[in-house]
Amino acid sequence: MIGSEAEILKTISVGLLMGFGFGLIQEIRGRFGAMKMYALLTAGVALFTALNFLIVESFGANYNVVAWTADPTGILQSIFIGVAIVGAGFVFKSDDLGHDAVSLFSSIVIMSGAGVAVGLEKYYLALIVTFMAIVATELALLIEDKILS
C-alpha cells in the first residue's frame with residue numbers, strides 16, 4: 001500500500017517545497033516564473049507517481065492477477081503524454097507569453113494530476129492539491145511583485 005491521502009499529500013508537499021526552493025534560486029538569478037513552474041511541476045510529478053502506484057494497487061486488489069491483460073499505468077502515461085503535448089504547444093506557440101507559457105504548462109500538469117485523483121475518488125487529495133497549487137502560484141506572484149521586482 002502506498003499510503004493514505006495524508007501521506008500522499010506529504011509527498012506532494014515535499015515536491016512542492018523542493019520545486020519552490022529551486023525556483024526561488026532561479027528567480028534570484030533573473031528567471032522570472034521559475035518558482036511557480038518548478039513548484040507546480042515537481043508537485044505534479046509527485047502526484048502522478050503516487051497515483052500510478054495507487055492505480056496498480058487498486059487494480060491488483062480488485063481483479064485476479066491472472067486476469068491482468070493490460071498495464072493499468074498506461075492510462076496515466078497516456079494522460080500525461082496528452083498534457084505534455086498541449087503544454088508544449090503553449091510553450092512553442094506563445095512567443096508573447098515567455099515564462100508564463102511554461103508556468104501555464106506546469107499548472108496544466110498539476111491540475112491534470114488532481115483530475116486523476118478525482119477519477120480515483122480521492123476527492124480530499126484533489127481538493128488539497130488544487131488549493132496547494134493556488135497558494136503556490138499566489139505566493140510566487142507575491143514574492144515576484146513585492147520582493148524580487
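**Exercise 1.** Is F80 buried, partly exposed or exposed in this predicted model?

*Solution.* The relative accessible area of F80 is 29%. Buried means under 20% and exposed means over 50%, with partly exposed in between. F80 is therefore partly exposed.

**Exercise 2.** Describe the aromatic pairs of the structure and locate their members.

*Solution.* The structure holds two aromatic pairs. In one, F22 and Y38 lie 4.7 Å apart, centre to centre, with 90° between the planes, an edge-to-face arrangement. This pair joins helix α1, which holds F22, to helix α2 (residues 34-62), which holds Y38; the two residues are 16 residues apart. F22 is partly exposed at 41% relative accessible area, and Y38 is likewise partly exposed at 25%.

F48 and F80 also pair edge-to-face, at 5.3 Å centre to centre and 75° between the planes. Here F48 belongs to helix α2 and F80 to helix α3 (residues 73-93), 32 residues apart. With a relative accessible area of 8%, F48 is buried, whereas F80 is partly exposed.

**Exercise 3.** Which residues make a nonpolar surface patch of about 220 Å²?

*Solution.* The patch is made by V86, F90 and L104. L104 is located in helix α4 (residues 99-119) and, at 32% relative accessibility, is partly exposed.

Note on methods: Residues are numbered from 1 along each chain as its sequence is written. This is a predicted model: local features need pLDDT of at least 70, side-chain atom pairs count only at pLDDT 80 or more; totals for chains, interfaces and linings use all residues. Side-chain values use heavy atoms; hydrogens and water are left out. Patches are made of residues with over 30% relative accessible area and no salt bridge: like charges are joined within 9 Å, nonpolar side chains (Val, Leu, Ile, Met, Phe, Trp, Tyr) within 5 Å. Accessible areas come from the Shrake-Rupley method with a 1.4 Å probe; for residues, only the protein chains shown count as cover. A salt bridge is a side-chain nitrogen of Lys or Arg within 4 Å of a carboxyl oxygen of Asp or Glu. Helices (H or I, at least four residues) and strands (E, at least two) are DSSP runs, numbered from the N terminus. Buried means under 20% relative accessible area, exposed over 50%, partly exposed in between (1.4 Å probe, protein chains only). Rings of Phe, Tyr and Trp (its six-membered ring) pair if their centres lie within 6.5 Å; planes under 30 degrees apart count as stacked, over 60 as edge-to-face and the rest as tilted.
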